[in-house]
Amino acid sequence: MRSVNAVIPEKKVMLQSPAIKPARNLYLQLLSPQSISIILSALFCLLISLLFFARGTTQALPATVSSTPPAVIHTDPRAVIHADPPAPLQGSPTTAAIVQRTLPAPIYPFPRDVRQQVGVLERYHRFFFGGNPAQQEIALTFDDGPYPPYTGEILAVLKKYNVKASFFDIGHHIAEHPELVKQEFDEGHTVAIHSWNHVYLTGYSPAGVDEQINNTSVLLKKTIGIQPKFFRPPYGAYNTTVLTEANKLGLTTFLWNDVASDWLRPGVTVISSRIINAARNGSIVLLHDGDGDHYNAVASREQTVQALPTIIITLKARGYRFVTLDQLVADMHA
Ligand SMILES: [Zn+2]
């Protein structure tokens, strides 16, 4: 009895004392029905949580994608933007359309010297005096509009002879006559940036150049629905600041190599003969549908309008085809 009595209190002490817990007793506790049910419940909860997490993750992906605004895909061929360095677009029309939406990345490193900058930009097809000399094609370009009534009259001549051309528009004129810009675009012509108010950009800081270009670009995009990607500095005046900003913004800069000084109104025949005599493969012809220098006074572009049919008829008869600047860039690869 004594020995039994001695054992029982000893067992009680061992079980009741938190200070001394041999592993064997912990093991026994874990194997108790209550403990097993608690562990099973915890495992069940963990499993349910994991399932919810996994379900939430798989649902979150499509939710994220669908919350993105639907992509605006422009199927208009004028939206074609060459890659950098330029390469023909490949793949399905959808793939091509997505690629077309992106302006080229800035060229880097970009030299500091203006002549080196032109050289680099030309190699990447981001700066043009003229197009591909192997192509019997000519790009007519009209600057300083939109400008009634001459822009409408020029559009009518182009339509009559089924010719596509390009327009370098001025921001404040776009604000005044957005319907003419829409008409230029809707009738298949390339619409591009010519600054906001026709200043010499060479006298501006980088921020000032950006402002002149970007304000025009934003308004053009709002007007025609696609991102303009071509640019011509007023007066053809450029320096390192202008070219650096054009490169940074992903714009392609166009000068010209066939000009008649039509803005000086030298006479209809003088304008047409000058343009025709200077025409060659890949010519970029500079003409004017508007006036960059005056906000309010109307400078007549009637001589340019009247010279245009002779220019078109004569050069077509010589085997030239007229192309937009988009086409001229694309034909650099032809
Ligand atoms: Zn101009």
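**Loops and a helix pair**

Colleague: Does R265 count as buried or partly exposed?

Modeller: Bear in mind this is a predicted model. R265 sits in the loop between β7 and α11 and has a positive phi of about 55 degrees, though it's no glycine. Being buried takes 20 or more other C-beta atoms within 10 Å, and being exposed takes 12 or fewer. R265 has 15 C-beta neighbours inside 10 Å, so it counts as partly exposed.

Colleague: And S261, is that one buried or exposed?

Modeller: S261 is in the loop between β7 (258–259) and α11 (268–278), with a positive phi near 50 degrees despite not being glycine. S261 has 12 of them, so it comes out as exposed.

Colleague: Which residue does a cis peptide bond join to Y108?

Modeller: Look in the loop between α4 (93–100) and α5 (114–123). Omega is about 0 degrees there, and the cis bond joins Y108 to P109.

Colleague: What's omega for the peptide bond from P148 to P149?

Modeller: P149 is in the loop between β2 (137–145) and α6. The bond from P148 is cis, with omega near 5 degrees.

Colleague: How do α6 and α12 run, roughly parallel or roughly antiparallel?

Modeller: Helix α6 (residues 150–160) packs on helix α12 (residues 302–317) at about 10 degrees, with the axes 10 Å apart. Angles under 35 degrees count as roughly parallel, so α6 and α12 are roughly parallel.

Colleague: How many charged residues are in the contact of α6 with α12?

Modeller: On α6 you've got Y150, E153, I154 and V157, meeting V305, L308 and P309 of α12. Six are nonpolar, none polar, and the number charged is one.

Notes:
Residues are numbered from 1 along each chain as its sequence is written. This is a predicted model: local features need pLDDT of at least 70, side-chain atom pairs count only at pLDDT 80 or more; totals for chains, interfaces and linings use all residues. Axes are lines fitted to C-alpha atoms, for helices over the stretch in contact, and angles run from 0 to 180 degrees between N-to-C directions. Helices (H or I, at least four residues) and strands (E, at least two) are DSSP runs, numbered from the N terminus. Angles under 35 degrees count as roughly parallel, over 145 as roughly antiparallel, 65 to 115 as roughly perpendicular and the rest as oblique. Two residues are in contact if their C-beta atoms, placed from the backbone, lie within 7 Å. Ala, Val, Leu, Ile, Met, Phe, Trp, Tyr, Cys and Pro count as nonpolar, Asp, Glu, Lys and Arg as charged, and the others, Gly among them, as polar.
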